[in-house]
Amino acid sequence: MSIIISILLITGVLTALIGTIGCFRFDNFLARTHAASVVDTFSTLLIILGLVFHYGLSLFSLKLLLILVFLYITGSTAIHALTQAFFKNSETREEVK
Amino acid sequence: MSEISMLAILILSIALVISIFRFITANEIYTKILTVNLIGTKIVLLILLVGTVSIEKDFTDIAMVYALINFISTIVILKYYEDKEVSK
């Protein structure tokens, strides 16, 4: 059980690191939103799943799963709104085309 | 478990420092907002990981409130910049 927790936590944290470095390396804004979305969804899923395995069946696990559902919905919505605002701006839209 | 949590906190802190540098060096507003969102998400994960190391384990509520405030702040800043013409 400890090995599963370790693999989930370390993989999640390394995914967060890779997403952050990708946010640095990509030169296009839309590619950068992709790198940030990886941190928002995949890394969050792995880390919170590892913490749920650590706490077992308890109230903390329920709260952690609630945080997971909340982060999934709000993270995707925030980056969607950001991209929409990026496209509504005329200067940046010309830049993409 | 404690050592694994410490290692995870260390790597996540390095990622946090890198994203703060990204916030400083970004020259357009959308990348800055994206980076602030990224920092908020990673701080939520950091709070949850610190809760496993610390003696008090009542950090999940704080993490939930932090995620809520992060989402609301991102949406409100975008509402402001959506109408305004951004000067580069």
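**Exercise 1. Determine how α2(A) and α3(A) are oriented relative to one another.**

*Solution.* In this predicted model, local features need pLDDT of at least 70 and side-chain atom pairs count only at pLDDT 80 or more, whereas totals for chains, interfaces and linings use all residues. Residues are numbered from 1 along each chain as its sequence is written, and chains are lettered from A and ligands numbered from 1 in the order in which they are written.

Step 1. Two packed helices are described by the angle between their axes and the distance between the axes. Helices (H or I, at least four residues) and strands (E, at least two) are DSSP runs, numbered from the N terminus. Axes are lines fitted to C-alpha atoms, for helices over the stretch in contact, and angles run from 0 to 180 degrees between N-to-C directions.

Step 2. The axis of helix α2 of chain A (residues 29-55) comes within 9 Å of that of α3(A), and the two cross at roughly 175°. This crossing makes α2(A) roughly antiparallel to α3(A); angles under 35 degrees count as roughly parallel, over 145 as roughly antiparallel, 65 to 115 as roughly perpendicular and the rest as oblique.

Step 3. The contact of α2(A) with α3(A) comprises 17 nonpolar, eight polar and one charged residues. In this classification Ala, Val, Leu, Ile, Met, Phe, Trp, Tyr, Cys and Pro count as nonpolar, Asp, Glu, Lys and Arg as charged, and the others, Gly among them, as polar.

**Exercise 2. Carry out the analysis for α2(B) and α3(B).**

*Solution.* Step 1. The axes of α2(B) and α3(B) come within 9 Å and cross at roughly 175°. α2(B) is therefore roughly antiparallel to α3(B).

Step 1. Residues of α2(B) that make the contact include B:I33, B:N37 and B:G40, and those of α3(B) include B:Y66, B:N70 and B:Y81. Two residues are in contact if their C-beta atoms, placed from the backbone, lie within 7 Å.

Step 2. By class, the contact of α2(B) with α3(B) has 13 nonpolar, six polar and no charged residues.

**Exercise 3. Describe the overall form of chain A and of chain B.**

*Solution.* Step 1. Chain A contains four helices and zero strands, in the order α-α-α-α along the sequence. Its radius of gyration is 17 Å, whereas a compact globule of 97 residues would have one near 13 Å. The radius is taken over C-alpha atoms, and the globule rule is 2.2 Å times the number of residues to the power 0.38.

Step 1. Chain B has three helices and zero strands, running α-α-α from the N terminus. Chain B is more spread out than a compact globule, because its radius of gyration of 16 Å is well over the 12 Å that the rule gives for 88 residues.

Step 2. The C-alpha trace spans about 50 × 25 × 10 Å along the principal axes in chain A, and about 50 × 25 × 10 Å in chain B.

Step 3. Among contacts between residues at least 6 apart in sequence, 60% in chain A join residues at least 24 apart. In chain B, residues 24 or more positions apart account for 48% of the contacts with a separation of 6 or more.

**Exercise 4. Characterise the side of chain B that touches chain A.**

*Solution.* Step 1. The contact takes 37 residues from chain B and 39 residues from chain A.

Step 1. On the side of chain B, the elements giving two or more residues are α1 (2-25), α2 (29-53) and α3 (60-83). α2(B) gives the most, with 13 residues.

Step 2. By class, this side of chain B has 24 nonpolar, eight polar and five charged residues.
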